[in-house]
Amino acid sequence: MTTFSFDRFLLALKCHFLIERKSWMRLFGIYTLVMFMANLFFTRVQARDYGWMMENWELERLIRQYKNAVADTVVFGIIFFCFAMLFCASFMFSQMKDTRKRSAYLLWPVSNVEKYVVSFLYSVVFMTVLTVAAYVLADGLRVLTDWLTGRIVIWGFPKLAEFFSSNAICENWQTAWMFFAWVFYFHSLYIVGGTLFRRQQFLMTSAVIVVVGILLIMTLNQVHPDVDIVTGTWDEKTRTYTQVFHPAFYILTSVLTLLIFFHYWVSYKLFTRIQVINNKWLNV
């Protein structure tokens with residue numbers, strides 16, 4: 001069997017999506033319901049009473065206040081998206097939970113590379129699209145509810161661009177690099193955890209990250225590093241703040257970036273060692 005055949009890979013990918021269609025459709029419904037209820041909470045429970053604002057405020061102030069409430073739904077959507085991506089990454093091989101399913105998946109007439117890429121695309125790329133689609137649908141249902149109840153209509157999805165453009169991560173490429181490096185670093189950790197652990201992948205991976213993080217912080221506190229990798233200067237004339245990045249910043253962020261690819265490689269190697277009969281808690 002060749003290492004990778006594109007036609008065979010496409011057929012395996014289509015088969016995987018059809019087999020898991022009930023799972024991702026159920027997940028899509030849950031995601032939509034959770035975000036829709038959160039949208040109603042931020043706009044109708046946490047926010048000021050809309051009828052009172054209509055009676056006592058001018059239209060311009062009411063619109064500004066309601067935009068703030070909708071902005072809260074956007075922040076929740078971003079946080080929910082991050083947790084959903086970690087959750088889906090840790091359940092990358094959820095189709096191999098029991099012996100029967102694991103045996104069926106490992107006996108697929110495709111190479112290990114194709115099996116791994118199929119699971120990776122399903123749990124990462126497709127779940128990203130699914131979560132975004134659930135957010136758009138939830139936002140649309142909230143807008144429809146507002147329109148049916150006589151409220152002003154303000155979409156939340158377009159405010160995502162405003163959120164990122166006004167955030168500090170877009171000020172320069174170094175900050176954006178560091179931000180996305182940390183995001184994908186944690187994502188790669190959950191990919192490894194989802195491959196290594198056989199049961200309770202999300203909880204086990206989270207517990208290991210917390211324990212190792214605490215030990216690492218305690219160790220670094222004993223070392224007392226004196227180098228500030230990111231500093232800044234304030235220009236009184238132009239009234240601007242300029243960030244200054246120490247060479248250690250580029251070294252540490254480069255190492256972090258390389259670790260991301262290393263974790264993906266480790267995940268693949270762990271996958272190739274999975275057997276039909278495994279340990280109780282581990283896949284090796």
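**Labels and what backs them**

Student: What sort of model is this, and how are its residues numbered?

Tutor: It's a predicted model, where local features need pLDDT of at least 70, side-chain atom pairs count only at pLDDT 80 or more, and totals for chains, interfaces and linings use all residues. Numbering runs from 1 along each chain as its sequence is written, and side-chain values use heavy atoms, with hydrogens and water left out.

Student: How many helices and strands does the protein chain have, and what makes a run count as one?

Tutor: There are ten helices and two strands. Both are DSSP runs numbered from the N terminus: helices are H or I with at least four residues, strands are E with at least two. Along the sequence the order is α-α-α-α-α-α-α-α-α-β-β-α.

Student: Why is Tyr264 called buried?

Tutor: Buried means under 20% relative accessible area, exposed over 50%, and partly exposed in between, using a 1.4 Å probe and protein chains only. Tyr264 has 19% relative accessibility, so it counts as buried. You'll find Tyr264 in helix 10.

Student: What does Tyr264 touch?

Tutor: Contact means heavy atoms within 4.5 Å. Not counting residues up to four places away in sequence, Tyr264 touches Tyr116, Phe120, Phe184, His187, Ser188 and Ile191. Tyr264 and Leu189 are 75 residues apart in sequence, yet 8.5 Å apart in space, C-alpha to C-alpha.

Student: Why does Glu20 get the buried label?

Tutor: Go by the number: Glu20 has a relative accessible area of 14%, so it is buried. Glu20 lies in the loop between helix 1 and helix 2 (21-45). With neighbours within four places in sequence left aside, Glu20 is in contact with Gln95 and Tyr122.

Student: And Thr253, buried or exposed?

Tutor: Thr253 comes in at 5% relative accessible area, so it is buried. Thr253 belongs to helix 10, and beyond residues up to four places away in sequence it touches Trp177, Met178 and Ala181.

Student: What makes Val276 partly exposed?

Tutor: Val276 has a relative accessible area of 29%, so it is partly exposed. Val276 sits in the segment after helix 10. Setting aside residues up to four places away in sequence, Val276 touches Thr99, Arg102, Ser103 and Leu106. Val276 and Lys101 are 175 residues apart in sequence and 9.1 Å apart in space, C-alpha to C-alpha.

Student: How do you know whether Ile78 is buried or exposed?

Tutor: Ile78 has 17% relative accessibility, so buried it is. Ile78 is in helix 4. Between Ile78 and Tyr135 there are 57 residues of sequence separation and 9.4 Å in space, C-alpha to C-alpha.

Student: What makes a set of residues a nonpolar core?

Tutor: They must be buried Ala, Val, Leu, Ile, Met, Phe, Trp, Tyr and Cys residues, joined through side-chain atoms within 4.5 Å. The largest such core here has 25 residues, and those with the most contacts inside it include Phe93, Met96, Tyr105 and Phe271. Among the elements that give it two or more residues are helix 1 (6-19), helix 5 (99-106) and helix 6 (112-148). Helix 8 provides the largest share, five residues. Apart from this core lies another, of 18 residues, among them Leu27, Leu40, Val74 and Leu130. As background, nonpolar side chains tend to be buried together in soluble globular proteins.

Student: Why would you call a space a cavity rather than a pocket?

Tutor: On a 1 Å grid over the protein atoms alone, a cavity is a set of points where a 1.4 Å probe fits but cannot get out, while a pocket is an open set with protein on both sides within 12 Å along at least five of seven lines; lining residues have an atom within 4 Å of a point. Points are joined across faces, edges and corners, and the volume is the space filled by probe spheres set on them. The whole structure has one cavity of 30 Å³ or more, and the largest cavity holds about 50 Å³.

Student: Which residues line the largest cavity?

Tutor: The lining is Phe93, Met96, Lys97, Gly194, Phe197, Arg198, Gln201, Ile274 and Asn283.
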